[in-house]
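Here's a quick walk through one protein model, written for someone who likes to know the cut-offs behind the words. Have the viewer open as you read.

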Amino acid sequence: QLAAEMVPCLDDGENVGWAANGLHTAFGYRPFQDTPHAPCRGTGTVPLIPGEFLAKVNGYGPLWNGTPCWLWLGEKNGGGYGYWRVLGKRVGAHRYLYELLHGSIPDGFEPDHLCRNHACVNPIHLEVVTRRMNILRGVGVTAINARKEVCRTGHKFTDANTYIAPNGTRHCRTCHRQAERKYELRKQNSTVAQAKGLEVLR
């Protein structure tokens with residue numbers, strides 16, 4: 001888990017808005033010295049969200065499920081995901097805030113944007129899932145192919161008829177067997193042709 005400064009919990013029951021950049025406390029967050037932080041959860045202390053981080057967030061993004069996306073205004077990678085530097089190391093901005101508020105994400109899991117907005121860092125728009133699940137939920141070629149129920153020649157992707165390659169891609173066993181038979185037939189035909197050619201030369 002990323003290290004965070006812990007501060008006393010201030011839970012005065014007031015729904016004080018994050019007026020500086022549009023973030024709000026409707027989901028249980030409370031301000032501390034004008035800086036928003038997470039709810040106490042009975043611990044008496046909470047992780048303080050750095051002001052430098054909040055300065056790069058616009059809380060007035062498009063709505064998803066009735067709540068706004070918190071748009072990252074800082075640096076982004078080619079996929080549109082924001083990133084934040086911690087002790088010289090670059091980490092995903094959405095992951096940083098999620099782990100700051102909810103604790104470390106287990107190995108083999110990663111945060112999935114339910115809002116499908118890669119620039120969003122709103123923790124309630126994230127769900128921790130396996131990498132495979134994250135890919136399958138996407139809109140890329142890999143996700144589209146993974147959701148198909150039949151192969152390109154029409155064979156069903158049943159458990160018995162499906163081979164999962166080490167890279168996670170699916171392959172049709174029936175097609176593979178048919179391709180092997182065609183290959184063996186070509187080899188046999190080639191051998192016969194070569195034998196006939198030698199007979200002619202003799």
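Phe53 counts as buried, since its relative accessibility is 0%; buried means under 20% relative accessible area, exposed over 50%, and partly exposed in between, using a 1.4 Å probe and protein chains only. Before going further, a note on ground rules: this is a predicted model, where local features need pLDDT of at least 70 and side-chain atom pairs count only at pLDDT 80 or more, while totals for chains, interfaces and linings use all residues. Residues are numbered from 1 along each chain as its sequence is written, and side-chain values use heavy atoms, with hydrogens and water left out.

Which rings does Phe53 team up with in the cluster? Ring pairs link Phe53 with Trp72, Trp84 and Tyr96. A pair here is two rings of Phe, Tyr or Trp (its six-membered ring) with centres within 6.5 Å; planes under 30 degrees apart count as stacked, over 60 as edge-to-face and the rest as tilted. The structure holds five aromatic pairs. In one of them, the ring centres of Phe53 and Trp72 are 4.8 Å apart and the planes sit at 45 degrees, so the pair is tilted. Phe53 belongs to helix H1 (residues 51-54) and Trp72 to strand S8 (residues 71-72), so this pair ties together parts 19 residues apart in sequence. Trp72 is buried too, at 1% relative accessibility. Phe53 also pairs with Tyr96: centres 5.2 Å apart, planes at 40 degrees, so tilted again. That pair links distant parts of the chain, with Phe53 in helix H1 and Tyr96 in helix H2 (residues 93-102), 43 residues apart. As for the element names, helices (H or I, at least four residues) and strands (E, at least two) are DSSP runs, numbered from the N terminus.

## Helix H2

Eight of the ten residues of H2 are buried, so the helix is largely enclosed by the rest of the structure. The buried residues of H2 include Ala93, His94, Leu97, Tyr98 and Glu99. Just after H2, Gly103 takes a positive phi of about 100 degrees.

Strand S9 (residues 83-86) and strand S10 (residues 89-92) run antiparallel and are joined by four bridges; two strands pair if DSSP finds at least two bridges between them. Val86 has Lys89 in S10 as its bridge partner. The hairpin has two residues between the strands, and Leu87 takes a positive phi there, near 55 degrees.

Leu87 counts as exposed, at 88% relative accessibility.

Phe109 has Thr130 in S12 as its bridge partner. S11 is mostly covered, four of its five residues being buried.

Is Asn122 buried or exposed? Asn122 is buried, with a relative accessible area of 0%, and it lies in the loop between strand S11 (109-113) and strand S12 (126-130). A polar atom of the Asn122 side chain is 2.9 Å from the backbone oxygen of Pro68. The S11-S12 loop also holds Arg116, another non-glycine with a positive phi, about 60 degrees. Arg116 is partly exposed, with a relative accessible area of 40%.

## The largest pocket

The largest pocket has a volume of about 610 Å³. On a 1 Å grid over the protein atoms alone, where a 1.4 Å probe fits, a pocket is an open set of points with protein on both sides within 12 Å along at least five of seven lines, and lining residues have an atom within 4 Å of a point. The volume is the space filled by probe spheres set on the points, which are joined across faces, edges and corners. Of the 21 lining residues, the closest to the centre of the largest pocket are Asn145, Phe157, Thr169, Arg170 and His171. Helix H3 (131-136), helix H4 (141-146), strand S14 (170-172) and helix H5 (173-201) each supply at least two residues of the lining. The charged end of Arg170 sits over the ring of Phe157, 4.0 Å from its centre.

Note on methods. Polar contact = N/O pair within 3.5 Å; in protein donor to acceptor, adjacent residues only side chain to side chain. Lys NZ or Arg CZ within 6 Å of the ring centre and 35° of its normal.
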